[in-house]
Amino acid sequence: RYVITNAIADQNVLKFSVEYWGKLKRKDGSLIDEQVSGINIREFYEHEERLEQVADWILANHERKTHTKQFSSIFCVANVDTLIKYYDIFQRKKAAGEHDLRIVTIFTYSANEEDPDANGLIGDPEFDVDASQSDTHSRDKLEGFIRDYNAMFQTQHSAKDGTAFYTYYKDIAKRMKERDREGFLDKDRADILLVVNMFLTGFDAKKLNTLYVDKNLKYHGLIQAYSRTNRILGELKSQGNIVVFRNLKAQTDEAIKLFSDPNSNESILLEPYEHYVEKFNEAVATLKTLTPNPDDVNSLIREDEQLEFIKAFRDLMRLKNVLKSFTEFEPEDLTLPEQSFEDFKSKYLDIYDRSRTPGTEEASIVNELDFELELIARDEINVAYILSLLEALNADTTIKPLDYEKKKKDILDTLGQETQLRSKRELIEKFMNQYMPKIKRTDNFRDIFDTYWSQEKEAALSTIAKTEGMKLEAARQILSTYQFSGKEPLREEVFAALEVKPKLLERKSIFERIVAKLLDIVRVFEDDLGDIS
């Protein structure tokens with residue numbers, strides 16, 4: 001048999017990280033046995049106060065679990081009534097400005113979607129919806145939720161009949177599946193898919209890494225539901241995150257034993273938090289035998305020395321990536337301070353930049369390494385963030401010259417540490433040195449920067465047009481079309497923009513070079529800007 005332990009060992013799927021939150025207990029803190037007669041367990045689990053607390057937990061921790069919304073999640077609940085309550089809670093909190101998550105939902109508004117015994121045995125979804133025999137309240141609610149969906153994504157779905165309902169289902173499935181597709185636009189993402197049973201079996205989306213569980217699951221249904229999260233997609237997705245708001249520890253262990261080797265928990269589940277803290281600190285000790293301090297990286301002249309540093313720091317990034325998914329993660333538990341990690345990261349990126357510098361034909365072992373840049377966190381440190389720092393610095397009337405220069409250096413260091421901003425560092429540094437000294441405190445700082453940024457972008461485009469023999473307006477149109485559609489330009493568009501049609505044998509290299517230059521303009525001048533207005 002090929003079971004889940006085999007798949008994990010073969011690196012076909014990921015391990016799971018399972019957290020259990022919220023035990024059934026009295027006001028005095030004593031635990032309640034769920035099997036004791038006379039206690040209405042369902043009333044407890046569906047109480048509005050408890051649902052509110054679960055929703056608050058998800059809102060507080062969702063960004064950490066999904067790497068600042070780079071991945072999506074599924075939230076499965078016991079029945080349609082509870083789903084409706086959760087959806088309304090999330091929408092109320094969104095209207096109050098407590099979150100900006102995109103929450104979508106789907107359920108069948110007939111009895112077969114309910115799980116009255118909460119036995120966790122998940123059936124197949126039913127699309128042949130009979131409106132005449134459905135729950136009117138549930139159907140009306142779903143129609144309202146679909147209207148929210150249509151407003152969010154500019155679609156026109158409904159659940160008026162089985163065909164329309166299935167079309168809506170397929171659109172959600174496509175939206176979840178295609179997040180890993182090149183060119184997928186962030187405005188089209190869904191953050192949390194709220195369901196009862198749908199999408200818990202037979203549905204694979206690589207950009208889905210977290211499952212929130214507020215229902216009973218067991219046996220095959222539990223393994224199937226958990227497995228929605230563990231499809232492999234690069235180093236950033238280090239495990240499937242399972243967050244359980246029921247006491248499913250025994251059911252989880254039992255399902256693992258039933259569907260794999262009886263001693264396989266350690267093969268399927270992540271080790272405890274403390275294990276990875278210990279591993280990280282061991283990796284720090286290894287790194288420091290090579291380079292005790294970040295500045296020591298500058299002394300690594302030989303390629304084999306750089307190779308060892310890259311491998312050692314890459315191990316640190318992998319371990320930190322796993323650690324940050326734990327809710328109990330505290331930077332103070334690590335022997336490498338956050339600033340030292342950032343300083344080492346900057347040196348790591350310097351080696352990466354040098355290894356990618358064009359013009360060298362010499363074979364390099366460093367060029368063959370996978371630097372795994374996706375592991376370097378992309379916090380909300382964008383151009384708008386940097387601009388706010390510069391604006392505050394410019395407005396400070398009491399700052400001394402030495403402190404002013406120190407703050408400028410700190411801002412430049414931040415640019416060097418953030419992967420997505422390194423390509424913009426030279427431009428922002430030019431603005432700091434040539435424009436900021438002339439800006440009066442009464443001037444509109446942002447307008448001046450916006451004008452500067454637009455001029456630099458136009459100058460960069462003009463340089464490409466001149467060096468490649470392109471018509472400037474045609475090049476501008478190609479760039480505009482790409483920014484609107486997200487689709488790379490076609491050969492015919494590029495060649496039509498050239499002053500002279502290239503020879504047949506030269507076309508491939510010319511096309512690839514021009515497209516790379518145009519996309520680089522988008523990367524430098526448009527990506528990771530934030531709201532700079």
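Close-up 1. Tyr86 is buried, with a relative accessible area of 0%, where buried means under 20% relative accessible area with a 1.4 Å probe and protein chains only. Phe90 likewise counts as buried, at 0% relative accessibility. Both residues lie in helix α4 (residues 80–95), four residues apart, about one turn of the helix; helices are DSSP runs of H or I with at least four residues, and strands are runs of E with at least two, numbered from the N terminus. The model is predicted, so that local features need pLDDT of at least 70 and side-chain atom pairs pLDDT 80 or more, whereas totals for chains, interfaces and linings use all residues. Residues are numbered from 1 along each chain as its sequence is written, and side-chain values use heavy atoms, without hydrogens and water.

**Close-up 2. Phe107 and Phe145.** These two rings form an edge-to-face aromatic pair, 6.4 Å centre to centre with 75 degrees between the planes; rings of Phe, Tyr and Trp (its six-membered ring) pair if their centres lie within 6.5 Å, and planes under 30 degrees apart count as stacked, over 60 as edge-to-face and the rest as tilted. Because Phe107 lies in the loop between β3 (103–105) and α5 (136–153) and Phe145 in helix α5, the pair ties together parts that are 38 residues apart in sequence. Phe107 is buried at 0% relative accessible area, and Phe145 is buried at 5%.

**Close-up 3. Strand β6 (residues 240–244).** Five of the five residues of β6 are buried, with Gly240, Ile242 and Val244 on one side and Asn241 and Val243 on the other.

Key: Buried < 20%, exposed > 50% of the residue type's maximum accessible area, 1.4 Å probe, protein only.
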